[in-house]
Amino acid sequence: MNLLKRLSTRNLRGDLLGGLTAAVVALPLALAFGNAALGPGGAIYGLYGAIVTGFVAAIFGGTPAQVSGPTGPMSVTVAGVVSSLAAAGVAQDLNAGELLPIVMAAVVVGGVLEMALGLFRLGRYITLVPYSVVSGFMSGIGIIILVLQIGPFLGIETSGGVIQTLNGLITSGSINGAAIGIGVMTLGIVFLTPGRVRQWIPSPLLALLIVTPVSIICFDHEAVARIGSIPEGGLQFSLPEWRGHTTEILKAGGVLALLGAIDSLLTSLVADNITQTEHDSNQELIGQGIANTAAGFMGGLPGAGATMRTVINIKSGGKTPLSGMTHSVVLLVILIGAGRLAEQIPTALLAGILIKVGLDIIDWGFLFKAHRLSAKTAVLMYGVLLMTLFWDLIWGVLIGMFVANLLTVDSITQVQLEGIEQDNPENAESVGREGPRDESQKLLQDYKEDIMVLKLRGPLSFGAAKGISSRMGLIKKYKALILDLTEVPRVGVTASLAIERIVHEAESNTQRCFIASNNSAVKARLKKVGINSEYTDNMKSAIQKCVEKLK
C-alpha cells in the first residue's frame, strides 16, 4: 500500500518531464563513467547501470524525487577493482569475458552490504561524517577522475590507478593529435555553452551530438579510439563469477557499499532542501542496495543518488518515484533505438566530459579557505585528500573519520573538564543557586573542613573520565564527599566507572558519600556499575543528610 501511494499519478506531467530531462543529462554521463570505470568497451555498461539502478532505486528507495545512476566515486572504485584484478593477472579486455563477471560479483556484494546498512537502521549515522572528511574525499575523487582522463584525452592508452596512469603518461612515446582536437572541442562546448542554451539542452549532451558526427566526418574510424562494438543481446541477466579473487571482491564490495551510502544520502539531503521534505535514510539504503544488486546481475555499473540529475529532475517538475523510473525507461528506449550509433563515440569526447565532472566535484571553496577556519581542519581535509588520491579510498575515509572523532572528543572533553570543580563553600556556586545564604549553605560553610563537594556539569563521556579520576587525591583531606550531578543529563559508561572509582576510594577511607541527582537515567546507570551510595534529588537534601551523618 505504501508503494502504491509513492507511485501516485497526481504529478504525472511533472514526473514525466522531470524524468525525461534527467535522462537527457544522464546519457552522456553514464557512457563517460562506464568508459572511465572499465576502460575501452566499458561505456555501454555505464548505460546499463543507469537504466537498472535508476529504475529499481526509484521504486524501493526512500527519497521520492531522487535519480540514481553511476557517479564519480562509484566509477573510480570500480576502476580500482579493475586495476587490482589486472595486477592479479586478470585480462583487462572486456571481450575476453574474464574481467566483467568478477567486477559484477563485487557490485552484487556491495549491493547486499548496502541493503544491510539500511536493514540494521544505520542510515542516520552515515551522514554524521564530518564535512572536512567528505570535502577531502570528494576533492580526491575529482582529482582522480582528472588524472585518469588525461590518457584518453591525449589519445594515450593507460591503465591502473593514479600512480600507474602518471607513469604510463610519462613513458608514453607519442600523443594523438586527433584525440586532443576532439577533447578540446568537447571542453569548449561544456564550458562555453551559453546559459540560455543549457536551459534547453545540457552541455554534455550537446557535445555528444556535435562532436561525434564531426569526428566521424573528419577522422577515420581507426584514427581515434572509440567506444567500439556493443555486446550482443544488450541488457540481460548474467551470473557474476564468485570463484577466485575473493579478497578483492569483498573489499571492493565494502567500499562500494560505504561510498554508495554516503553519496546517496548526501544527495537525499540536497533533495530535502529543495523539496522541503524529509527522506527515509534507512529505506534509501535498502533501495540503493537492491538496485546495485540488480545491476550486478544485469551487467551494469553500480550507482548512487546522483546530485546533478536529482536537482534537474526536481526543478523540471519531478516529485515522485515515477520520475526516476521514467528516466530509466527513456534511457532504455535510447539504448534499443540508437545503441549502435554509440559505437562511434570517441573516448576523447567522454574524457572531455569527465574532466568537467572532475573539476565540478572538487570542493574548491573549502580547499582555499580551510586553513583560515582551523589548522586542524585543514590538515585533516588535506590528509584525507592525499590518502584518497595516492593510497586507498576507504582507508582515507575511515582514518579521516577516526581522527575527526578524536578531535571532536578532545574538544568536548575540554568543555566537560571545565565543568568539573571542587565546589566547596569558598568557591561554591551550586548551593547558592537554591537560595541566597539558605540553611544548607550555612551548614556547608560550617563543615567546610569536613565536606568536599565535587560538581560535574553537562553530559559526561569517556573523555571526562580522566578529569574525574584526577580529583581522587583530594578526597583524603575530607570526611565526606558530595557528588553534585544535578546538571548532568547523561553519564557514559567510562565516566560512570570513573565515578565508581572515586566513590570507592572515598568509602574505602571510611568517608561518607552522597550523590545529588534528579535524573532517573543517571541514577540507574550509576547503580548498575555498583554505586550504592545515598542518593538525593537535590543538593540541599544531600548537604543536610551529610551533616546529620557527621554529627
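**Notebook: residues and pairs looked up in a predicted model**

I began with P70, which counts as buried because its relative accessible area is 0%; buried means under 20% relative accessible area, exposed over 50%, and partly exposed in between, with a 1.4 Å probe and protein chains only. The model is predicted, so local features need pLDDT of at least 70 and side-chain atom pairs count only at pLDDT 80 or more, while totals for chains, interfaces and linings use all residues. Residues are numbered from 1 along each chain as its sequence is written, and side-chain values use heavy atoms, with hydrogens and water left out.

**Entry on P70.** I located P70 in the loop between β1 (68-69) and α4 (72-87). For these labels, helices (H or I, at least four residues) and strands (E, at least two) are DSSP runs, numbered from the N terminus. I then listed the residues that P70 touches, not counting residues up to four places away in sequence: F33, G46, G49, A50, S75, L301, P302, G303 and R309. Contact here means heavy atoms within 4.5 Å.

**Entry on T267.** I found T267 in helix α12 (residues 246-275). T267 has a relative accessible area of 1% and is therefore buried. Not counting residues up to four places away in sequence, T267 touches Q66, G305, A306, T307 and T310. With T307, I recorded a polar contact of 2.9 Å between the two side chains. A polar contact is a pair of N or O atoms within 3.5 Å; within protein, one must be able to donate a hydrogen and the other to accept it, and residues adjacent in sequence count only if both atoms are side-chain atoms.

**Entry on β4.** I examined strand β4 (residues 451-457) and found seven of its seven residues buried. I451, V453, K455 and R457 point one way, whereas M452, L454 and L456 point the other way. Strand β4 pairs with strand β5 (residues 480-487) in the parallel sense over six bridges; two strands pair if DSSP finds at least two bridges between them. I traced L454 to its bridge partner in β5, which is L483.

**Entry on aromatic rings.** Rings of Phe, Tyr and Trp (its six-membered ring) pair if their centres lie within 6.5 Å; planes under 30 degrees apart count as stacked, over 60 as edge-to-face and the rest as tilted. By this rule I have five aromatic pairs. One of them is Y45 with Y48, edge-to-face at 5.6 Å centre to centre and 90 degrees between the planes. Both tyrosines lie in helix α3 (residues 43-60), three residues apart, about one turn of the helix, and both Y45 and Y48 are buried. I also looked up W364 and F368, whose ring centres are 6.2 Å apart and whose planes stand at 15 degrees, so this pair is stacked. W364 and F368 share helix α17 (residues 364-373), four residues apart. W364 is partly exposed at 39% relative accessibility, whereas F368 is exposed at 55%.

**Entry on charges over rings.** A charge sits over a ring if NZ of Lys or CZ of Arg is within 6 Å of the ring centre and within 35 degrees of the ring normal. I recorded K356 over the face of F191, at 5.7 Å from the ring centre, and the charged end of K527 over the ring of Y535, 5.1 Å from its centre.

**Entry on Q544.** I placed Q544 in helix α24 (residues 539-550). Q544 counts as partly exposed, at 26% relative accessibility.
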